[in-house]
Amino acid sequence: MKITDKLILGHNQFFGVNHLSSARGVATEQYFSSTENVISLIRTAYKTGVTGLMLSTHERARAIADALRKDPELSSNLHLHILLPYMAKYVRMANERGLISMLDETLKQATWTERMAIGLKAGTGVVTKDLMAILESLIKIEMLPFKGLNVQSVFLHNSLTDMLAALRATHVVEFFAKSIAEEYGACPAFCTLSAGLTMSYFRDIGMEAPAIMAPFNPAGFQMNPSRQRCEQLLQEYPCHMVAMSVLAAGYVKPADAARYLSSLAGIDSIIFGASSPGHVTELSNVLGTVVN
Amino acid sequence: MSADIRCGVIGLGKMGLLHASLANAIEGSQLAAICEPNRTNRSWFETLVPKLPAFQNYPDMLDAVPLDAVFICTPPSSHIEIAMACVRKGCHVFIEKPLSLTAETAKPLVDLLKQSGKIGMVGYMMRYADTFSKARDIVRQGVLGHVLACRGTTKVSQNYKAGKGWRYSRKESGGGVLIAQGIHVVDLMCWMLGTPESVNQRSNSHYSGTVEDFVHALFSWKGDTIGSLDSSWSVDGHRMLLTSLELTGEHGTLAVDDDTVRLFLRKASGKYSEGWTSMSKPELSTGQSVDIGGPLYTKQDEAFVRAVRGQGEIESDVRNAWSVQHVIDCLYKSSDENGATVDLDREFERAVR
């Protein structure tokens, strides 16, 4: 399975994430607390040529997934790209309870239906399980809301991708890739905010043409360690590159972003967020010129 | 020093995992050993990094593996004992915040570090955030003129019930939201304005029961500068921790949070013009080698590694953190005395200096 979508609509605006302003994020989240507004934005995006949608496993993703199922056109034609896990939830829980309790409670809190669906025995906690078995169960729980939908790829969250790259935990990277490909028939993919580190590591371990989502913008924002190094790796290492943060959290104008991305060889897809139907149409038109 | 420094990490919770990853990713350092008393946590890490020496007890790790530096990421009640053992073994130490349960319990470490010449850094990572670092430059350059008032906030939607474990035991954690999150604002205030002369605090433990969930604190500095802190981990609508600070001076007002710096000046001052100047995170970003848990952690750990290699200074050493700890002690004393004014110990401040 490969990522075929040229343009992918991001999900941050739906869940109140705004990297330029937390206050603006809260205001957008309020608007998108209506699933109808979310679906309306997705429909507009789809009509302008955005064939992919990214969704994290945020608490509200289930409602969005359910609404997509009810829309015949979107459910059959729109590809989903899942980002897992939903880190903010786990970080909050780990802050509050510690790592083991956090994972233990996540598994124990799985509903009876979820337990049946993923083959988890009643009362099973993490203490008796090894890390790979826990990861397998967590992936299954996180993927449940999207069952039956058109999932084209599953991205590992940048915090985990970059941690695994830093620790050079190759067998865990391979385990994730194998699970996603075999269990879900989807393209395993990796989000990174440390493209220099992670792409070099993937190349070192001989990973062939991985799907990677990394920041590319003319401001060099989040292009770590530097814009120059990220551009160099993009040239040298064949991969399916999904460019993210292309507007540098709103700091860069869409036309400037498009001009910059067009100057790079190797950007296969672009993911972007938008806060209104007008905004999504504008961005789809401008950024579409880069990849189409 | 040309070879990589060899780092150990003690305590593999969320912060330990982060520092272990950074220690292995940052130029000039490598992860050489870990120690985690909990068998499950340790076995998970052994699955992640199978060939790395892993220990149940830190004395065994210090005896078995030659290390240059150790990241201490255990509950606060054990920080001082472990840090002293590491320094005695010739290691530099990075200690997750808070430094200790009280300033008094940290004194032996402060003395030992002074004698040994080893580096002791404490994880006040907000000093390495581009926005707060810019705000501090503005204040220290005198752009605001004499600062009259400052107002700090931390809020996150995190705790709505009593929990288990060390975080909910004041004997092990030192307290609740003040020492876990509000302490960052206390540190930023001290970093920008110096140590206050007196404090007051009221708090409640509505959800947690054993440690405080809501804190309202007041600060007075020498002269007429006053400040306040409003800190809670039980506030709705904040999926991520929001940290903010607003400083008002004779020339204008400066508002800073995790995302932006906004400056209003009644007349031009330094390189800043009259009226509003707004600076966003992308604009202020100075870049970093990697981003695993946020750029500020990378910059903090890089500063530590550079300092251990004799190539730079750190922003938050044990001495600064000791002073912050004294402010925290006084805030809790005030809370215990129903908000009574508590003066900071001038003798203590002289000892810190």
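The axes of α9 (residues 158-167) of chain A and α1(B) come within 8 Å and cross at roughly 55°. Axes here are lines fitted to C-alpha atoms, for helices over the stretch in contact, and angles run from 0 to 180 degrees between N-to-C directions. Helices (H or I, at least four residues) and strands (E, at least two) are DSSP runs, numbered from the N terminus.

This is a predicted model: local features need pLDDT of at least 70, side-chain atom pairs count only at pLDDT 80 or more, and totals for chains, interfaces and linings use all residues. Residues are numbered from 1 along each chain as its sequence is written, while chains are lettered from A and ligands numbered from 1 in the order in which they are written.

Stay with the helix pair. From α9(A), the residues A:Met163, A:Ala166 and A:Leu167 take part. They meet B:Leu17, B:Ser21, B:Leu22, B:Asn24 and B:Ala25 in α1(B). Contact means that C-beta atoms, placed from the backbone, lie within 7 Å.

Ten of the ten residues of α9(A) are buried, so the helix is largely enclosed by the rest of the structure. Buried means 20 or more other C-beta atoms within 10 Å of the residue's own; 12 or fewer means exposed, and in between is partly exposed, with C-beta atoms placed from the backbone. The buried residues include A:Asn158, A:Asp162 and A:Met163. After α9(A) comes A:Arg168, with a positive phi near 55°.

Now widen the view to chain A. Its secondary structure comes to 14 helices and eight strands. A closed barrel of eight strands runs β1-β2-β3-β4-β5-β6-β7-β8 in chain A, with parallel pairing. Neighbouring strands of this sheet are turned by 30° against each other on average, direction ignored. Two strands pair if DSSP finds at least two bridges between them. One such pair is β1 (residues 7-9) and β2 (residues 52-56) of chain A, parallel over two bridges. There, A:Leu9 has A:Leu53 in β2(A) as its bridge partner. Of the 292 residues of chain A, 48% count as buried. Among contacts in chain A between residues at least 6 apart in sequence, 77% join residues at least 24 apart.

Move to chain B. Strand β1 (residues 5-10) and β2(B) run parallel, joined by six bridges. B:Ile10 stands opposite B:Cys35 in β2(B). The chain crosses from β1(B) to β2(B) through α1 (residues 14-25) of chain B, in a right-handed β-α-β crossover. Right-handed means that, with the strands pointing away from the viewer, the path from the first strand over the helix to the second runs clockwise. Six of the seven residues of β2(B) (residues 29-35) are buried, so this strand is largely enclosed by the rest of the structure.

B:Cys35 has a further partner, B:Phe55 in β3(B). Two bridges join β2(B) to β3 (residues 54-55) of chain B, and these strands run parallel. The path between them goes through helix α2 (residues 39-48) of chain B, again as a right-handed β-α-β crossover.

Next comes β5 (residues 92-95) of chain B. Four bridges join β4 (residues 69-72) of chain B to β5(B) in parallel, with B:Ala69 partnered by B:His92. β5(B) also pairs in the parallel sense with β6 (residues 120-122) of chain B, over three bridges.

Last, the open sheet. Its nine strands have the order β14-β13-β12-β11-β7-β10-β9-β8-β15 in chain B, with mixed pairing. β14 (275-280) and β15 (342-343) stand at the edges, each with a single partner strand, so one side of each is left without a neighbour in the sheet. β13 (residues 260-265) and β14(B) are antiparallel over six bridges, and B:Arg262 stands opposite B:Ser278.

Note on methods:
Two residues are in contact if their C-beta atoms, placed from the backbone, lie within 7 Å.
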